[in-house]
Amino acid sequence: MELFRKKPLAAPAIAEADKLSKTLGALDLTTLGVGAIIGTGIFVMTGVAAAEHAGPALVLSFVLAGIACVLSALCYSEFASTLPVSGSAYAYSYVAFGELLAWILGWDLVLEYGVAAAAVSSGWSGYFQGLLDGFGLHLPTALSGAYNADKGTFINLPAIVIILLISFLLSRGAKETARFNAIMVVIKLSVVLLFIVTGIFYVKPENWTPFMPFGFHGVVNGAATVFFAYIGFDALSTAAEEVKNPQRDLPIGIISSLAICTVLYIVVSLVLTGIVPYQKLNVSDPVSFALRFVDQNMIAGLISVGAIAGMTTVLLVLLFGQSRLLFAISRDGLLPQALSKVNAKTHTPVRSTWMVGGIIALLTGFVPLDRLANLTSIGTLFAFLVVSLGVIVLRYTHPNLKRSFKVPWVPLIPLLSAAACGYLMYNLGKETWTGFIVWLIFGLVIYGFYGYKSSNLNKKK
C-alpha cells in the first residue's frame with residue numbers, strides 16, 4: 001500500500017546547499033544531553049511526584065523511569081549510528097514502517113517538543129520572576145503570566161523573550177549553541193551538586209517512613225509523572241547530520257548523558273525526601289524549598305539561579321530538536337519545503353528555527369499550559385515504543401545492514417523497552433489520552449490533504 005511506502009536506506013545525495021555543518025563531537029553531544037534532561041523535571045516535578053504519588057519511594061519512580069529510558073536509549077543508539085540523519089524517530093520509522101507511521105510519529109514529536117518547550121518556558125518565567133522579586137524588582141501583573149482573567153494576567157513576557165533569544169542563538173549555528181549550552185550545564189551541575197552536599201547533612205531517616213505510602217501503584221504513577229524529567233536525550237538524534245562522527249559519537253552522547261542524569265536524579269530524590277516530609281513537597285520549587293526548610297536561604301537562592309540555567313538549556317535543546325525535525329519532514333515533502341532551506345552562512349535551517357520559536361512564543365505567552373505537561377510524556381513514550389519495535393523490524397528486513405552500535409539480546413531488550421513505555425503510557429490519565437488522540441487525528445487530516453500528495457516518494461512514482 002502506498003500509505004506504507006518506505007524510504008530507501010540508500011537515500012539520494014543531499015545537495016551541498018541543503019547540508020548542515022558537521023561541528024559536534026561526543027563531548028558536545030553529552031553536554032547537550034545533560035542540558036536537555038536536567039531542568040524542569042528535577043527542579044519542579046520531583047515535589048509533585050513525591051507528595052501526590054510516590055512519597056519517599058520517589059527514588060524507585062526515578063529508577064523505573066530511568067530503566068525505561070535506558071532500554072529506549074540503546075534502541076535509539078542503534079538507529080542513530082546506523083541512519084545518521086536528521087529527524088530522529090521520524091526518520092527511523094520512515095525506513096522501518098513506512099510513510100504513514102513516520103508521519104504519525106513526526107507529528108507526535110512536534111507535540112512532544114512543542115508542548116515541552118512551552119511548559120518549560122512558563123516554568124523558566126516563574127523562577128526568573130522569583131529571582132527578580134529577591135532584588136525588589138517586580139513585573140506588572142498583566143505581563144507576568146498567560147491570560148487569566150481571575151489573576152489579571154494577559155501575557156507572559158519573560159517566557160516570550162527567552163524563547164526568542166534562544167531562537168536567535170540557534171539561528172547562529174550549532175557550534176555556538178553547543179558552547180553556550182556547555183556553560184549553562186556547568187552552572188546547573190554545580191548547583192545540583194551543591195544541593196546534594198549541603199542537604200545530605202540535614203537528612204532525617206525517619207522522613208523515609210513510611211517508604212511507600214501510596215503502594216506500588218503510586219510508585220508507577222510517580223514514574224509516569226517524573227518521566228518528564230528524562231525527556232530530551234532523544235533530541236540528540238535529531239543532530240545526526242551535524243555530528244563529525246555520528247556512528248561513534250551519537251551512542252556515546254545518548255547513553256552517557258542519560259547515565260549521568262539518572263545517577264543525579266536518584267541521589268537528589270533521596271536527599272530531598274530525607275530533608276522534608278513528602279507531604280510538604282507539593283510546591284513549585286521543591287529543591288529550593290527543601291533548603292529554605294532547613295534555613296539555608298542563601299544556598300536556596302543559588303538553587304534558583306541553577307534552575308534558571310537548567311531550564312534554559314532544556315529550552316535550547318528542545319527548540320533545536322523541533323527545528324531539525326521540521327527540517328527533516330519538510331525535506332521529505334510532507335511539509336512545505338521552504339522549511340528545509342539551509343542558510344548559506346550559518347548552515348542552519350533558519351526558517352524552521354524561527355517558525356518554531358515564533359509559534360512556541362505565542363503559545364507560552366498567551367495560553368495557560370499548566371495541564372499539558374503530561375502530553376509531552378505520552379508523546380515521548382509513544383516515540384520510544386515505536387523506535388524500540390523498529391529495531392526488531394530493521395534487524396529482520398535488513399539483517400546485513402552495517403550497524404556501528406548494536407542493541408544486545410534482540411528482540412528481548414527492544415521488547416522490554418516497548419513494554420515498559422507502554423505500561424507507563426497506560427498509567428497516564430484519561431485527559432492526557434484524549435488530548436493525544438485528538439492531536440494525532442488533526443495530524444492525519446493534514447497528511448491526507450497535503451503530505452500524501454506532496455511527498456517526495458509520491459512524486460517519484
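## V95 and its neighbours

Setting aside residues up to four places away in sequence, V95 touches K6, K7, L9, L83 and L394, where contact means heavy atoms within 4.5 Å. You'll find V95 in helix α4 (residues 89-96); helices here are DSSP runs of H or I with at least four residues, numbered from the N terminus. Its relative accessible area is 8%, so V95 is buried (buried means under 20% relative accessible area, exposed over 50%, partly exposed in between, using a 1.4 Å probe and protein chains only).

## A word on the model

What you're looking at is a predicted model, where local features need pLDDT of at least 70, side-chain atom pairs count only at pLDDT 80 or more, and totals for chains, interfaces and linings use all residues. Residues are numbered from 1 along each chain as its sequence is written, and side-chain values use heavy atoms, with hydrogens and water left out.

## Helices α3 and α9

Now for a pair of helices. The axes of α3 (residues 58-82) and α9 (residues 246-275) come within 9 Å and cross at roughly 175°. Those axes are lines fitted to C-alpha atoms over the stretch in contact, and angles run from 0 to 180 degrees between N-to-C directions. The two helices are therefore roughly antiparallel (that label is for angles over 145 degrees; under 35 is roughly parallel, 65 to 115 roughly perpendicular and the rest oblique).

Among the residues making this contact are L58, F62, C69 and Y76 of α3, and P246, L250, I254 and Y265 of α9. Sorted by class, the contact has 19 nonpolar, five polar and no charged residues. In this sorting, Ala, Val, Leu, Ile, Met, Phe, Trp, Tyr, Cys and Pro count as nonpolar, Asp, Glu, Lys and Arg as charged, and the others, Gly among them, as polar.

## Helices α6 and α12

Here's another pair: the axes of α6 (residues 157-172) and α12 (residues 350-366) come within 8 Å and cross at roughly 170°. That angle makes α6 roughly antiparallel to α12. Residues including A159, I163 and F168 in α6 meet residues including W354, I360 and T364 in α12. This contact has eleven nonpolar, six polar and no charged residues.

S121 touches residues from this pair. It sits in helix α5 (residues 99-134) and is buried, with a relative accessible area of 0%. Beyond its neighbours within four places in sequence, S121 is in contact with A159, I162, I163, L315 and T364.

## The nonpolar core

A nonpolar core is a set of buried Ala, Val, Leu, Ile, Met, Phe, Trp, Tyr and Cys residues joined through side-chain atoms within 4.5 Å. The largest one has 138 residues, and I38, F43, Y76, Y90, F195 and F233 have the most contacts inside it. Take Y76: not counting residues up to four places away in sequence, it touches residues including Y92, F233, I254 and F384.
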